[in-house]
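Me: I'd like to go through the pockets in this one with you. Could you take a look at the model below?

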Amino acid sequence: KLAELVGAKVCNSLDELVSEDLDLIVEAASVEAVEEVAEKALKSRKDVLIMSVGAFADKNVFLKLKRLAKENNRNIYIPSGAIGGLDIVKSLKYGEIEELILKTTKHPKALGLDINEKKKVFEGDVFEAIKRFPQNINISVTLSLASKKVAKVIIIADPNVKENIHEIFIKSSIGECYIKINNVPLEENPKTSALAAYSAVRLINEIKEVVKIG
């Protein structure tokens, strides 16, 4: 259906896809699919954009794919997803980051829960968060990779909210930052935000720009 809208070719397998004359392959499947998609793309000398960045909570997967990218002179792109301010986060890491917290508030249905009152449903580190909520909290891994600091994650289920709300608190020896993002959920998939999809579009467009900002 999508191919009909944009005049694209449909590939019936990943092997068929990576054999095409392409510059970039976009993974938008699942955390479980990342390793296979990225490995085949990189070995076929294609750049790859990873949407399900939660896969990189597994250090072995991250290091393996990073090594493959270097060996094949290719790039792995990670969009900012449903958050902003990663330029600030990446700059603050040149000081000593003392604290990094991501607080996410979503409607219970987006978290796969059936509750009628506001409730903290998770508090822990990024590794446990992505295991418990692999389709909701990919951004915690993006934030940790950008800062090179293990993020503390707090997840709130609130039946009174209509937006996906992300709050980032970061304290570094060279500055402090608080960022709040209120996102409209994707109608087809309320577990994620429309901004996540548009962040990938933005990154793809910026790859070919000769002047890069931020």
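Me: Which element gives the most to the lining of the largest pocket?
Reply: This is a predicted model, and in it α7 gives the most to that lining, with 5 residues. Two or more lining residues also come from each of several other elements, among them α4 (59-71), α5 (86-92) and α8 (194-207).

Me: What volume does the largest pocket have, and which residues are closest to its centre?
Reply: The volume of the largest pocket is about 1,200 Å³. Of the 34 residues lining the largest pocket, Ile78, Lys90, Thr142, Leu145 and Ala146 are the closest to its centre.

Me: Why does the largest pocket lie between the domains?
Reply: Domain 1 (1-78) and domain 2 (86-192) both contribute residues to the lining of the largest pocket, so it lies between them.

Me: And by class, what is in that lining?
Reply: The lining of the largest pocket has 17 nonpolar residues, together with 11 charged and 6 polar ones.

Me: Switching to the second largest pocket, which residues lie nearest its centre?
Reply: Met51, Ser52, Asn138, Thr192 and Ala196 lie nearest the centre of the second largest pocket, which is lined by 34 residues. Two or more residues of this lining come from each of α7, β7 (164-172) and α8, and α8 gives the most, with 5 residues.

Definitions and conventions
Residues are numbered from 1 along each chain as its sequence is written. This is a predicted model: local features need pLDDT of at least 70, side-chain atom pairs count only at pLDDT 80 or more; totals for chains, interfaces and linings use all residues. Side-chain values use heavy atoms; hydrogens and water are left out. On a 1 Å grid over the protein atoms alone, a cavity is a set of points where a 1.4 Å probe fits but cannot get out, and a pocket is an open set with protein on both sides within 12 Å along at least five of seven lines; lining residues have an atom within 4 Å of a point. Grid points are joined across faces, edges and corners, and a volume is the space filled by probe spheres set on the points. Helices (H or I, at least four residues) and strands (E, at least two) are DSSP runs, numbered from the N terminus. Ala, Val, Leu, Ile, Met, Phe, Trp, Tyr, Cys and Pro count as nonpolar, Asp, Glu, Lys and Arg as charged, and the others, Gly among them, as polar. Domain bounds come from an automatic or database domain assignment.
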